[in-house]
Amino acid sequence: MSSPVVAAASVSRPRGRNAQVLSLLRRYPMASIGVVIMSVYALTAIFGPLFVGDPLSTSPSDALAPPSSEHYFGTDRFGRDVFTRAVIAARLDVVVGIVIALIAAIAGSLIGVVAGYFGGAFDEVVMRVTDVVLAFPGFVLALILVAALGDSIPNVVIAVAIAYTPYFIRLVRARALAEREREYVDAATLAGNGRWQIAFRHVLPNSLTPAYTQAALVAGWAVLDVAGLAFLGIGIQPPTAEWGVMVAEGANDVMTGAWWTALFPGALIVALALAFQLIGDDLQGEKR
Amino acid sequence: MSLLDVRGLSVGIAGKEELLLRDVTLSLQPGEIQGVVGESGSGKTMASLALLGLLPPSVELRGGTAAIGGRTVLDASRRGVTRQVGDLTMVFQNPRGALNPTMKVGHQVRRVLTKVRGKSKGEATTETVALLRRVGIPGAERVAGSYPHQLSGGMCQRVVIAMALAYRPRVLIADEPTTGLDVTVQAQIFDLLRELVEETNCGVLFITHDLGAVAEMCDRVSVLYAGQLMETGTTIETFEQPRHPYTRFLLESLSPQESSRLTSTEEAGVDFSLPGCRFAHRCAHAFERCSDFPQLFQAGPQHLYSCFLGEEEDDVAAQRSQLA
């Protein structure tokens, strides 16, 4: 059995771990930067709260103190430590961004694959609804929805997720339309699989590639949206430690020279959104 | 009684007159490998998709019946006739396309065993490895845990054949199973198909345009052109005494000395809505009767052809013998 055919047909062997990491870095340089930034955020979100105090404790005598070795990011007008609040907020903002992306990706993919694989009236209705939803700018739609649902973190998450679901529906549907024509789908039909089994076990896993990269992008946009909504006073409310809320509160003090109250949380929002964007962009550039 | 019996199968594009398959008749005996040959676009694949009930939505069944072991599996006049799982399966042209890229190949074989043959998970896992070994895959356990993109084309085709073995169909349609594989692998795949037939006594429709492969593999051969069955008979009879001008052309095109080059169907173009013989406009022997659709004429116990010319020739021969 050692014919050349057999040798050529052997399974590719996994390489050493270091070599793999290096080749990943080479292939996705931007995403690698994004991943490094993301890891800092993730570590902060997980372990940060262990090292800082109460984000709500005020100390009027220390109000609006500039950054120093005691208050790394200074204090706000109530004398709350901006660094403490920024670290505490990391958990909320990162989790909210990822959860929104996950909800939108899962709901959108499931709806998209059913629409794409089965077609027909359901597909028609879904497409028209996504048309309507996409006609609104996502931020404005989320704003309206939160206003209607009421201010709470779960409502913000649901509202922003709804605004982004159509993107996933369209991506996965388009891919499912192509995948359902492939031969393995016919082969699965012959093997006695039902239509739903084919839709979810065969077509769905093969239609998800564009959704993965989109999810990274959407997570970044979602962080911006949530912070933006909070900045406008909708959704997450003060005194919750959240970057958008902090920027909104600090914005009043910038005029008086206390730039640190708004700048640091603002920069944290930008860097996180940028990290998601870098990851998503680089993976998307690689193409499906 | 034949294992597979297809009568008058006609298939057309929805909303149009043209027939992509016109009145195609096939029969297949248990344990027989029958070649189905023809150029690209001659309807070979369309015929198999029709049998499998996998016609694309833009194509519709216009007429005909098909029965497997005497039980009707397809009837154009009655919708909803269903085949039983296990009757019929297909080895697809493109092995990579026929495997789900996101599922380990072992799992795909195992699913056939559990779904079609009703095996338990444990049995199926053992048998999967045994099947993969059967089709000549070295390191079957390891390969079972691989994804299709990690395997070569030849390996993928073996996996697909293993799935067909797992299926144990009564009729297997092999649609150009060796296209894109090198000759050594091709020979191994042929051997596997033969073994499958010997072991399960199933019938195989072997779709190809490789006449060499037909001569090597097939007991009988059916020649299709532009959706019309031109000639069918035992491989020896058909190749040595072709009765249809198209079959002769096809065979002549193999010999290098042949000067009269046959233009390809794409160059010549085929009008699928014409009522007469589909080959008439390219046939050197065409005469007035060819504007009618020729039914099948008998040239031997198993040898049928679709051409008026043979009848004329027979008449001429009969006259000659009378004169003599």
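In chain A, the axes of helix α6 (residues 138-149) and helix α7 (residues 153-179) come within 8 Å and cross at roughly 145°. The model described here is predicted. The crossing of α6(A) past α7(A) is right-handed. On the α6(A) side, the contact is formed by A:Gly138, A:Leu141, A:Ala142, A:Leu145, A:Val146 and A:Leu149. These residues meet A:Asn155, A:Val156, A:Ile158, A:Ala159, A:Val160, A:Ile162, A:Ala163 and A:Tyr164 of α7(A). By class, the contact of α6(A) with α7(A) comprises twelve nonpolar residues, two polar residues and no charged residues.

Between the chains, 21 residues of chain A are in contact with 28 residues of chain B. On the chain A side, the elements contributing two or more residues are α1 (4-8), α8 (183-190) and α9 (195-206). The largest share comes from α8(A), with six residues. The side of chain A that touches chain B holds eleven nonpolar, seven polar and three charged residues.

Chain B contains twelve helices and twelve strands. Of its 324 residues, 42% count as buried. Among contacts in chain B with a separation of 6 or more, 64% involve residues 24 or more positions apart.

Chain B is divided into domain 1 (30-61 + 172-323) and domain 2 (98-168). Their contact draws ten residues from domain 1 and nine residues from domain 2 of chain B. Helix α7 (residues 183-200) of chain B gives the most to the domain 1 side, namely six residues. By class, that side of domain 1 of chain B has seven nonpolar, three polar and no charged residues.

Strand β8 (residues 203-208) of chain B is largely enclosed by the rest of the structure, because six of its six residues are buried. In a regular strand the side chains alternate between the two faces of the sheet. Both faces of β8(B) are covered: B:Gly203, B:Leu205 and B:Ile207 are buried on one side, and B:Val204, B:Phe206 and B:Thr208 are buried on the other.

| Strand of chain B | Sense of pairing with β8(B) | Bridges | A bridge pair |
|---|---|---|---|
| β3 (residues 33-37) | parallel | five bridges | B:Ile33 with B:Val204 |
| β7 (residues 171-175) | parallel | five bridges | B:Val171 with B:Gly203 |

Notes
Residues are numbered from 1 along each chain as its sequence is written. Chains are lettered from A and ligands numbered from 1 in the order in which they are written. This is a predicted model: local features need pLDDT of at least 70, side-chain atom pairs count only at pLDDT 80 or more; totals for chains, interfaces and linings use all residues. Two residues are in contact if their C-beta atoms, placed from the backbone, lie within 7 Å. Helices (H or I, at least four residues) and strands (E, at least two) are DSSP runs, numbered from the N terminus. Ala, Val, Leu, Ile, Met, Phe, Trp, Tyr, Cys and Pro count as nonpolar, Asp, Glu, Lys and Arg as charged, and the others, Gly among them, as polar. Axes are lines fitted to C-alpha atoms, for helices over the stretch in contact, and angles run from 0 to 180 degrees between N-to-C directions. A crossing is left-handed if the near helix is turned anticlockwise from the far one by less than a right angle, and right-handed if clockwise. A residue is buried if 20 or more other C-beta atoms lie within 10 Å of its own, exposed if 12 or fewer, and partly exposed in between; C-beta atoms are placed from the backbone. Domain bounds come from an automatic or database domain assignment. Two strands pair if DSSP finds at least two bridges between them.
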